[in-house]
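These are my notebook entries on one protein model. I set down what I looked up, in the order in which I looked.

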Amino acid sequence: MAATEHSQQIKRDSKDYLITALLQILKTKDLNEITITQVVKKAGVSRMAFYRNFETLDDVLIFYFKPKIDAEFNLIINHVPQKQKLTTLGDFFTEMAEEMRLAAQRNYEFIIQNIFNNNMNRFYEQVLDWQNFSKIQKKYWIQFMSAGVYAIWREWLTSGQTETLNDIHTLLTDFQTATLTALINETKKQ
């Protein structure tokens, strides 16, 4: 039993070392310039330790970002009152600003964007009433809004956050309301 606990702790430590090493290297190099050899050398672990935990460097970043982003969306979806959801999401965007800028600079933004979009799908799936919409309307509206929210967030973060977070919230609310209203009107015509 103790050996199993010890081996599990070693595995957790190896993951932490690999994540830390990759994040440190990403401060100066693009993801596509980094090799597994560089990461394991910096982490002080073997290649075998890498492959016991991950298949690719993308997997390391997914392992790092997914729980963080998922946890924030779980909080927003399940514990934040409806009127405060967008504000809480905006606060999270602000907290992620430096990581997002680095991801855009170092060519791993697609990892964060995929995790974000999956969570936005879950968010809209759970916070809106879809009973009067077709599956196609629901699917594509959610995709449209997820991509739009991400694009606005990215632009705001990478352009120096010159607008207030409140301005961004208002803009997102307006876009969401206008597109949802248009979808409702289209449904009524059918």
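**Helix α8**

I began with the length of α8: its 24 residues, at 1.5 Å a residue, should span 34 Å, and the C-alpha atoms at its ends are 34 Å apart, so the two agree. I note at the outset that the model is a predicted one.

I then listed the residues of α8 that are buried. They are Gln137, Trp141, Ile142, Met145, Ser146, Val149, Tyr150, Ile152, Trp153, Trp156 and Leu157. I asked what covers these buried residues of α8. The cover includes α5 (85-95), α6, α7 (109-127) and α9 (165-189).

I also looked up Gln143, which lies in α8. Gln143 counts as partly exposed, at 37% relative accessibility.

**α6 against α8**

I examined the pair formed by α6 (residues 97-105) and α8 (residues 135-158), whose axes come within 10 Å and cross at roughly 95 degrees. Angles of 65 to 115 degrees count as roughly perpendicular, and α6 is therefore roughly perpendicular to α8. On the α6 side, Ala97, Met100, Arg101 and Ala104 make the contact, and on the α8 side Tyr150, Trp153, Arg154 and Leu157. I sorted these contact residues by type and found six nonpolar, no polar and two charged.

**Chain overview**

I stepped back to the chain as a whole. The secondary structure comprises nine helices and zero strands. The C-alpha trace spans about 65 × 45 × 30 Å along its principal axes. Of the 190 residues, 41% count as buried. Among contacts with a separation of 6 or more, 66% are accounted for by residues 24 or more positions apart.

**The nonpolar core**

I turned next to the largest nonpolar core, which has 59 residues. Which of its residues have the most contacts inside it? They are Leu22, Leu61, Tyr108, Tyr124, Trp141 and Trp153. The largest share of this core comes from α8, with nine residues.

I followed Leu61 further. Setting aside neighbours within four places in sequence, I found Leu61 in contact with Leu22, Leu23, Leu26, Leu31, Tyr108 and Ile111.

**Helix α7**

I repeated the length check on α7. Its 19 residues should span 27 Å at 1.5 Å a residue, and its end C-alpha atoms are 26 Å apart, which agrees. The buried residues of α7 are Glu109, Ile111, Ile112, Ile115, Phe116, Asn117, Asn119, Met120, Asn121, Phe123, Tyr124 and Val127. Their cover includes α4, α5, α6, α8 and α9.

Is Phe123 buried or exposed? Phe123 is buried, because its relative accessible area is 6% and the cut-off for buried is under 20%. Not counting residues up to four places away in sequence, Phe123 touches Phe73, Ile76, Ile77 and Lys85. Phe123 and Lys85 are 38 residues apart in sequence, and their C-alpha atoms are 9.8 Å apart in space.

**Asp70 in α4**

I looked for Asp70 and located it in helix α4 (residues 57-79). Asp70 has a relative accessible area of 18% and is therefore buried. Which residues is Asp70 in contact with, leaving aside neighbours within four places in sequence? I found Ile115, Asn119 and Arg122.

**Positive phi values**

Most residues other than glycine have a negative phi.

I recorded Asn107, which is not a glycine and yet has a positive phi of about 65 degrees. Asn107 is found in the loop between α6 and α7. It is partly exposed, with a relative accessible area of 37%.

After α8 comes Gly160, with a positive phi near 95 degrees. Gln161, a residue other than glycine, also has a positive phi, near 55 degrees. Its place is in the loop between α8 and α9. I noted that Gln161 is partly exposed, with a relative accessible area of 25%.

Conventions. Residues numbered from 1 in each chain as written. Predicted model: local features only at pLDDT ≥ 70, side-chain atom pairs only at ≥ 80, totals over all residues. Heavy atoms only, no water. Axes fitted to C-alpha atoms, helices over the stretch in contact; angles between N-to-C directions. Helix = DSSP H or I, 4+ residues; strand = E, 2+ residues; numbered from the N terminus. Parallel < 35°, antiparallel > 145°, perpendicular 65-115°, else oblique. Contact = heavy atoms within 4.5 Å. Nonpolar A, V, L, I, M, F, W, Y, C, P; charged D, E, K, R; others polar. Expected span 1.5 Å × (residues − 1). Buried < 20%, exposed > 50% of the residue type's maximum accessible area, 1.4 Å probe, protein only. Core = buried A, V, L, I, M, F, W, Y, C linked by side-chain atoms within 4.5 Å.
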